[in-house]
Amino acid sequence: MATEQFSGPIGYAVFVSERSADLSAGLRAILDRAGQGLIDLIDIEVIARGSAGEPTKLELTDITCSPAERAALAGIESGILDTEDLNSISAELTDTQLAVAVVYEDLTLSAAAAAWAKVGGTELFSGGIAISDLEVSLEEGDLQ
């Protein structure tokens, strides 16, 4: 969780699978990372395409996963994804697929931030780099 000393980058990932796929192992992996303090889960949404191609938010009870994962993730939906986000996701899906969208704060550097805060350090910037920008830098030879 963000503090006055440290706020990790906010990230997201959207995974697509067939609606019938058992998503338990992936959900357990996310819960494990959260339990280790590596991420703070902000939102998990399950999205499918409706009959007219519109985005449809599904409940965790609509997907194949164990009762343990359902219970652990109950109430995690924050609604942070807006209509544009949902439309973009559903546009990529077929009628037999669903998407799991995960929004999280990356806390992997929180221990370093805490150590530096003890000696008077503060976080100056935090953020991410788009993979497309990294790819361009690699192609142009800007990175060694």
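A polar contact, as the term is used in this talk, is a pair of N or O atoms within 3.5 Å; within protein, one must be able to donate a hydrogen and the other to accept it, and residues adjacent in sequence count only if both atoms are side-chain atoms.

Colleagues, the structure is a predicted model, in which local features need pLDDT of at least 70 and side-chain atom pairs count only at pLDDT 80 or more, while totals for chains, interfaces and linings use all residues. Residues are numbered from 1 along each chain as its sequence is written, and side-chain values use heavy atoms, with hydrogens and water left out.

I begin with the overall architecture. The protein chain contains five helices and four strands, where helices (H or I, at least four residues) and strands (E, at least two) are DSSP runs numbered from the N terminus. Their order along the sequence is β-α-β-β-α-α-β-α-α. The C-alpha trace spans about 55 × 40 × 25 Å along its principal axes. Of the 144 residues, 27% count as buried, that is, under 20% relative accessible area with a 1.4 Å probe, protein chains only.

Contact here means heavy atoms within 4.5 Å. Among contacts between residues at least 6 apart in sequence, 81% join residues at least 24 apart.

On charge, the chain carries 7 positive and 25 negative charges, and their mean positions are 10 Å apart. Lys and Arg count as positive and Asp and Glu as negative, without His and the chain ends; each charge is placed at NZ of Lys, CZ of Arg, CG of Asp or CD of Glu.

Let me turn to two residues. Which residues does Glu-45 touch, not counting those up to four places away in sequence? They are Lys-57, Glu-77, Ser-78, Gly-79, Leu-81, Ala-99, Val-100 and Ala-101. Glu-45 lies in strand S2, residues 39-49, and counts as buried because its relative accessible area is 0%. Its side chain makes a polar contact of 3.3 Å with the side chain of Lys-57. The Glu-45 side chain also reaches the backbone nitrogen of Gly-79, at 3.5 Å.

The second residue is Leu-23, located in the loop between strand S1 (10-18) and helix H1 (24-35). Leu-23 has 16% relative accessibility and therefore counts as buried. Beyond its neighbours within four places in sequence, Leu-23 is in contact with Ser-17, Ile-63, Thr-64, Cys-65, Leu-98 and Val-100. Leu-23 and Val-100 are 77 residues apart along the chain, yet their C-alpha atoms are separated by 9.3 Å.

Conventions. Buried means under 20% relative accessible area, exposed over 50%, partly exposed in between (1.4 Å probe, protein chains only).
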